[in-house]
Amino acid sequence: MSARILTMSRAGREALDWEMERRDDIFCLGEDVYKFGGIFGTMDGFGAKYGPERVISTPISETGFIGMAAGAAMEGMHPVIDLAYIDFIGVCYNVLLNTASKTHYMSGGAVKVPMTLLIGTGGGYNNAAQHSQCLHATVAHIPGVKVVYPSNAYDAKGMLHTALRDDNFTIFLTHKATAGVGWMGTPIKTTLSEVPLEDYTVPFGKVKIYREGTDVTLIGLGMSVHECLKAADDLAKDGISAQVVDLRSLVPLDRDGIMAAVAQTGRLVVTDEDYLSYGVSGEILATIFERDPTILKKPPIRVAMPDIPIPFSRPMEQAVLPLAEKIAKQARKLMA
Amino acid sequence: MTTPVIIPADLWDEDDKTGSIVLWLYADGAKVKQGDLIAEVLVEKVTLELEAPATGILRIQVEPEVVVQKGDTVAVIE
């Protein structure tokens with residue numbers, strides 16, 4: 001049979017289903033997961049298949065149920081939590097910051113906390129300042145947690161298998177616009193992949209070179225990878241060869257991979273839908289300046305969300321998002 | 001021999017509602033097997049599944065985002 005083309009949402013569901021069929025330590029919890037199957041349908045149909053003991057719909061009480069999950073993980077279970085949107089981490093941040101992430105270290109390695117937290121990020125569809133944020137830097141800043149951010153279906157399945165087999169806490173981010181769920185619009189073609197039926201893992205901490213190029217490097221993560229790919233198509237019309245790098249994983253961060261990629265072109269545009277200041281885009285530049293700034297031919301440019309609440313109004317939101325035309329414009333400046 | 005891929009009359013409840021293909025899970029010209037999930041169909045905010053009615057080569061006739069109704073032929077399987 002031909003290879004199937006899956007959305008990120010379906011690919012993730014397949015990984016979780018495969019692991020749940022074979023392991024009884026995994027259980028799911030979150031708001032409406034039993035009937036609704038999670039914000040991107042990662043647990044779609046799991047209520048009927050696995051029953052209410054393994055697919056637990058919770059009240060709107062993130063501190064309570066994520067704290068409960070951390071406790072269950074310490075006792076040997078592997079909870080998989082659907083937290084819907086990352087804008088809601090404020091109400092459970094203590095569990096992430098102090099409990100799930102620190103217990104392994106503070107117990108001298110005696111207590112493991114194997115749990116996977118699924119969170120949707122990002123905007124672009126007029127959902128206003130409290131439902132459009134990326135905030136990935138806010139979780140990547142916490143020592144003791146792995147943070148991964150696949151941007152296509154193949155990586156989503158492989159990285160979710162990796163997270164579910166990890167002995168400790170992983171935050172698994174998916175940008176809403178990349179998930180490929182129908183109510184968010186027609187899936188973006190570059191998020192869809194041929195996905196093997198069998199299980200496989202994609203290791204954390206390796207960048208992916210989405211597109212080879214020799215003139216300028218465009219670094220993205222989550223949705224901004226796809227904007228970089230669009231920008232690269234546009235730049236090609238002017239004969240500019242753009243390399244597109246997907247970070248894929250924030251913790252661990254593939255600093256060697258970033259250096260190797262940027263060294264190939266010497267020109268860099270870093271894109272990030274998270275806020276500009278104190279974030280991933282600055283971390284990438286700091287890595288280059290600490291390791292070897294001589295690989296750069298020009299000062300690098302960041303295209304990121306300005307440090308303002310994200311506007312509801314469509315024209316205003318479009319104006320602040322790191323979209324392809326802005327990325328291409330900055331890349332052209334570097335080529336001038 | 002070809003088998004049409006038709007939007008089933010019982011895929012969703014209300015007859016007056018229309019839907020659209022979200023995506024084809026196989027490329028045009030791919031081999032599919034009877035019972036394979038081949039497309040997602042969106043009706044309002046609900047995503048429904050379309051299965052292959054036969055085994056063979058998928059020939060897509062209706063692309064995503066085009067309005068479809070119950071009974072429409074959206075592909076054939078050769």
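**Exercise 1. Find how many residues of domain 1 of chain A are in contact with domain 2 of chain A, and describe what joins the two domains.**

*Solution.* Let's start with the count: 30 residues of domain 1 of chain A touch 29 residues of domain 2 of chain A, where contact means heavy atoms within 4.5 Å. This is a predicted model, in which local features need pLDDT of at least 70 and side-chain atom pairs count only at pLDDT 80 or more, while totals for chains, interfaces and linings use all residues. Residues are numbered from 1 along each chain as its sequence is written, chains are lettered from A in the order in which they are written, and side-chain values use heavy atoms, with hydrogens and water left out.

Next, the bounds: domain 1 of chain A spans 4-195 and domain 2 spans 208-335, as given by an automatic or database domain assignment.

Then the area: about 2,300 Å² is buried between these domains, with carbon and sulfur atoms giving 56%. Buried area is the accessible area (1.4 Å probe) that two parts lose on being put together, summed over both. On the domain 1 side, Asn126(A), His136(A) and Tyr149(A) lose the most area to domain 2 of chain A, together 23% of what that side buries.

Finally, the charges: the domains share one salt bridge, that is, a side-chain nitrogen of Lys or Arg within 4 Å of a carboxyl oxygen of Asp or Glu. Asp155(A) pairs with Arg248(A) in a salt bridge, and their closest N and O atoms are 3.1 Å apart.

**Exercise 2. Work out which residues of helix α11 of chain A are buried, and what they pack against.**

*Solution.* First, locate the helix: α11(A) covers residues 255-265; helices (H or I, at least four residues) and strands (E, at least two) are DSSP runs, numbered from the N terminus. Its buried residues are Gly257(A), Ile258(A), Met259(A), Ala261(A), Val262(A) and Thr265(A), buried meaning under 20% relative accessible area (1.4 Å probe, protein chains only).

Now look around them: the buried residues of α11(A) pack against β9, β10, β11, β13 and α12 of chain A. After the helix comes Gly266(A), with a positive phi near 75°.

**Exercise 3. Describe the interface of chain B and chain A.**

*Solution.* Begin with the residues: chain B brings 19 and chain A brings 14. The buried area is about 1,300 Å², 60% of it from carbon and sulfur atoms. Leu23(B), Leu25(B) and Tyr26(B) supply 31% of the area that chain B buries against chain A, more than any other three residues.

To finish, two salt bridges link the chains. In one, Arg10(A) meets Glu49(B), the closest N and O atoms being 3.1 Å apart.

Key. Buried < 20%, exposed > 50% of the residue type's maximum accessible area, 1.4 Å probe, protein only.
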